[in-house]
Amino acid sequence: MAGLETVLLYNFNDDKKLRSLKMIFLRMGVRMRVITPDMYLEPIGALAHIKGFTQTGTRYEGPGFSDEMLVMNGFSNARLDELLHSLRKNHVERIHLKAVVTAHNASWNSLELHGELTKEHQMMTKAPMMDAVVYQKEGVFALEKRRIPKLIDPTDAIVKVTLASICTSDLHIKHGSVPKAVPGIVVGHEMVGEIVSLGSDVHGFKPGDRVAVNVETFCGTCFFCQRGFVNNCTDPNGGWALGCRIDGGQAEYVRVPYAQNGLTKIPDQVTDEQAIFTGDILSTGYWGAKISEIKKEDVVVVLGAGPTGICAMMCAALYEPAQIIAVDIDAYRLDLVKEHHIADIAINSAKSPLEQMIMEITDGRGADVVIEAAGGKDTFTTAWKIARPNGIVTVVALYEEDQVLPLPQMYGKNLTFKTGGVDACDCGDILRLISEGKLDTTCLISHRFALKDAMKAYELFENREDHVIKVVLKP
Ligand SMILES: NC(=O)c1ccc[n+]([C@@H]2O[C@H](COP(=O)([O-])OP(=O)(O)OC[C@H]3O[C@@H](n4cnc5c(N)ncnc54)[C@H](O)[C@@H]3O)[C@@H](O)[C@H]2O)c1
Ligand SMILES: [Zn+2]
Ligand SMILES: [Zn+2]
C-alpha cells in the first residue's frame, strides 16, 4: 500500500514550513512532492501531473488551488492522526487539506475531528464516481473511476451519456499524434445522452431531454461562428475540445460547455443508435457533401469507405447526383456499401485500375466531385487525378504526412480544392433527416460493448479485428 501514501503540496512558499513538513513525511515514510505555481498555471496539466504521481487511478479535480494546500491520497485514519499530530507539534496550524477520492478514504471521519481544517473535504468524499476512459499518457488509455462532472459555467450542461462511440481520432490521441490532446482527460467526442442539469444561461432545454452532443464547442458569437465556421471558433474552448482538451463522453456523464450550441434535441422516434454519429462523423459527411457543391448531373467519387467516407456518401446522396462511386481497398467495406445501396458503384482500387474506370464511366472527363475520405499515402494524388477539369476536390481526410500539390502537372485542369476540419453546426438538420428516414447510419455499428468493457472494445477497434467499422459503448 506504500503507493497510496502520497502527499502533494501546492505552492508552498514558506521554506521553513516546507522543511519541517519534509521532515515529518520523511519520518512517516510517506512520499511527498511539491507542485510549484508554474506547474499548475495550466490546471489540467497539473492534474495530469498528479495523476502520474499518485499512480492510484484517480485524480484530484476540485476547483481552484489555494495557497497552501495538501492533497492526500489513501491515508488511513491512524496515519492521518499521526500526521496531524506531527503537524501540530511542528506548529503547522493552518494547512488547507483536500483529499483525492479513492476507495481508501476512511480517513475523512478523522479529518472532521480537526476544526481548523476546511470543510471542503466533506464534499469531496461524498462526490459520486463514474467509469470513464482516460488518456493516461502516450500509448495508454485506461478505464478509471472519476468524479461525476458538475456545472462550472452558466453556459454548461451535464449530460448523462446513454451511448458513446470510439472514433479513429481517439486512436490518433492514443498514438500521440494529436498535439492538443491533454494527458489525463476523459476521451470520447461522439455521444448521445440525457440532460441532467443545466446552467442558468442555457435556454430551450430541460433536464430529461435526449440530446446529441456536438464534437465541437463553439461560442456562436465570434467572427467565425457568425459565419458558420465553428471549427475555427476563437473561444479558448472553441473547436474540438471535448475528449481532447477537456473531459469527453466515453464516460457515464459529460460536461458540455456552450451547451446551447453544442446540444441538439433528439426527436422522440429516433433511437440512440440512430442518433449516435450526429455530432461527429455524420456532421463531417454532411459538411463534406455540402461544401462540394454537388449537382444532379454529377458523378461523385468518395475515396475511402470507412465510417466517415460512408457518411459522406449518404449525405452526398441527399443532393441526388447521377452517380455515387465508392472506392476502397477493403472488400468487406465495399460489400457493406453494396449491400446497403449506399453507392451506385463500388470499386476496389487495389484490384482494379481506378483512374481508367473513372474515365470510362465519365466519357473520359473525370469525376465532377471527388471527396477524399481515405487518408492513404497516395489518395490525395488519386483524388485530383480522377477529378475532371473544373471539378471540385474536397479533402475530408486527415493525413499523417504532408501532401504535394504539383501545380505544373495540374496546370489547365482548373480544379477547386476544399479542405479542412468539419464545421459541425448542422446537427438539427441531420437529426431531422434521420427522423424522416433520409439518413440511416445504423449499419455502421458493427460492435456493441458495455462501457466497463471499453478496453476490450479499443483492442478490437485498434487491431481492426472482426471487420470492425464502428464500436459503440453503453454506460
Ligand atoms: N475533416 C474532418 O473534420 C474529419 C472528421 C472525421 C474524420 N476525418 C478523417 O477522415 C478520414 C476517414 O476517417 P474514418 O473514420 O472513416 O477512417 P477509416 O480509417 O476507418 O477509413 C479510411 C478508409 O480508407 C480506406 N483506404 C485506405 N487507403 C486507401 C487507398 N489507398 N485507396 C482506397 N481506400 C483506402 C481504408 O481501407 C478505410 O476503409 C480519416 O483521415 C479521418 O482522420 C476528418
Ligand atoms: Zn471523431
Ligand atoms: Zn465562436
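First, a term I needed: I call a residue buried if 20 or more other C-beta atoms lie within 10 Å of its own. I also noted that this is a predicted model.

**Overview.** I found 17 helices and 21 strands in the chain. Of its 475 residues, 45% are buried. I then looked at contacts with a separation of 6 or more, and 69% of them join residues 24 or more positions apart.

**Helix H12.** I turned to residues 307-317, where 10 of the 11 residues are buried. The buried ones include Pro 307, Gly 309, Ile 310 and Met 313. What do the buried residues of H12 pack against? I listed helices H11 (281-290) and H13 (331-339), along with strands E14 (299-303), E15 (323-328), E17 (367-372) and E21 (470-474).

**H11 against H12.** I looked up this pair next: the axes are 7 Å apart and the angle is about 50°. That angle makes H11 oblique to H12. Their crossing is right-handed. On the H11 side I noted Ile 281, Leu 282 and Tyr 286 among the residues that meet H12, whose own contact residues include Cys 311, Ala 312 and Met 314. Sorting the residues of this contact gave me 10 nonpolar, 4 polar and no charged.

**Strand E12.** My last stop was residues 253-256, a strand covered on both faces. Tyr 253 and Arg 255 are buried on one side, and Val 254 and Val 256 are buried on the other. I reminded myself that side chains in a regular strand alternate between the two faces of the sheet. Strand E7 (residues 157-166) runs antiparallel to E12 and is joined to it by 4 bridges. There I found Val 159 opposite Val 254.

How values were computed: Residues numbered from 1 in each chain as written. Chains lettered and ligands numbered in written order. Predicted model: local features only at pLDDT ≥ 70, side-chain atom pairs only at ≥ 80, totals over all residues. Helix = DSSP H or I, 4+ residues; strand = E, 2+ residues; numbered from the N terminus. Buried ≥ 20, exposed ≤ 12 C-beta atoms within 10 Å, placed from the backbone. Contact = placed C-beta atoms within 7 Å. Pairing = 2+ DSSP bridges. Axes fitted to C-alpha atoms, helices over the stretch in contact; angles between N-to-C directions. Parallel < 35°, antiparallel > 145°, perpendicular 65-115°, else oblique. Left-handed = near helix turned anticlockwise from the far one by under 90°. Nonpolar A, V, L, I, M, F, W, Y, C, P; charged D, E, K, R; others polar.
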